[in-house]
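Student: Could we go through the backbone of this structure together? I am new to it.

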Amino acid sequence: MGATNLQTLSLLLYLVTVAHLSTSKAATGGIAVYWGQTTAEGTLRETCATGRYKYVILAFLNNFGNGRTPSINLSGHCNPATGGCTVISQNIKFCQRTGVKVLLSIGGGVGNYSLASPTDAKNFATYLYNHFLGGRSTARPLGDAVLDGIDFDIELGSTVNWQFLVKNLKAFSTPAKRVYLSAAPQCPFPDNFLATAINTGAFDFIWVQFYNNPPCQYSAGNIKKLIASWNRWTSLAGGSGKIFLGLPAAPGAAGSGYIPANVLTSSVLPKIKRSPRYGGVMLWSRYWDKVSGYSSAIVGSV
């Protein structure tokens, strides 16, 4: 074979390799799922053992700030008030050994929470670090497991001071143990509660809730509003954190916004994966996913 032919062959092999790597890179995404709101969803260990989730968010720590005693509601899984949730520690460690990041979600749609001031935000950040992250406390509600980070699902109360909580939590990150931060804003841009916090650029993951929001979600046969909103989020949301498409895992999981799995994989994912900020899909919730099998149907395409 002549030199010219060898050069041509080498070039072709190079282009094929680059194309393959580009395709592989574009295809990388993960599934995040919320866990903790019903015992019917199964244990945390069972959730992680499916191998379908890259992130599991424990929901919710829904009372805190402004003088309130912080408390978790894991809806029947355990009673933190009596120390009953420390048993979850071993399951958290199991998840982490299998490569799943486990975060604690603060807020939610039911609860009593707010931050009264920057000082209140700093104090709550210290509480979260000592009780759930790499700090020390004699009373850790979930035992000695060190969670990977904190999720912000702020839907109630005041819209102020969340950026100070973000900055104080991020300050606890070290080269040895990173503190991951995620946010779960509604899809209308900018989010009413988290816009200022998101503009800090400190969030690693932003799973936007594209449901219960008709102006920016999927409706039967129409993906235009969703794609337009997705494009706003990926181009305008602060920082370089990965953006996730937040969806109900079954029709009953939300009032509106459910996307049939075949529509998601054939029409929606190919478009949103073009963004370099694409991170994957977030599902509400593990219970509804267990009922519907939604993650099984989409995991190969995410």
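The chat below turns to peptide bonds and backbone angles.

Tutor: Please keep in mind that this is a predicted model.

Student: What is the peptide bond from Ala59 to Phe60 like, cis or trans?

Tutor: That bond is cis, and its omega is near 0°.

Student: And where is Phe60 found?

Tutor: Phe60 belongs to strand β2, which covers residues 55-65.

Student: What about the bond from Phe189 to Pro190, cis or trans?

Tutor: The bond from Phe189 to Pro190 is cis, with omega near -5°. Pro190 sits in the loop between β7 (180-183) and α6 (195-198).

Student: Why point these bonds out?

Tutor: Because most peptide bonds are trans.

Student: Changing topic: what is phi of Asn66?

Tutor: Phi of Asn66 is near 55°, which is a positive value in a residue other than glycine. Most residues other than glycine have a negative phi.

Student: Where does Asn66 lie?

Tutor: Asn66 is placed in the loop between β2 and β3 (68-72).

Student: Now Asn212: what is its phi?

Tutor: Phi of Asn212 is near 55°, again a positive value in a residue other than glycine. Asn212 is located in the loop between β8 (205-209) and α7 (224-236).

Student: And what is the relative accessibility of Asn212?

Tutor: The value for Asn212 is 42%, so Asn212 counts as partly exposed.

Methods. Residues numbered from 1 in each chain as written. Predicted model: local features only at pLDDT ≥ 70, side-chain atom pairs only at ≥ 80, totals over all residues. Heavy atoms only, no water. Helix = DSSP H or I, 4+ residues; strand = E, 2+ residues; numbered from the N terminus. Buried < 20%, exposed > 50% of the residue type's maximum accessible area, 1.4 Å probe, protein only.
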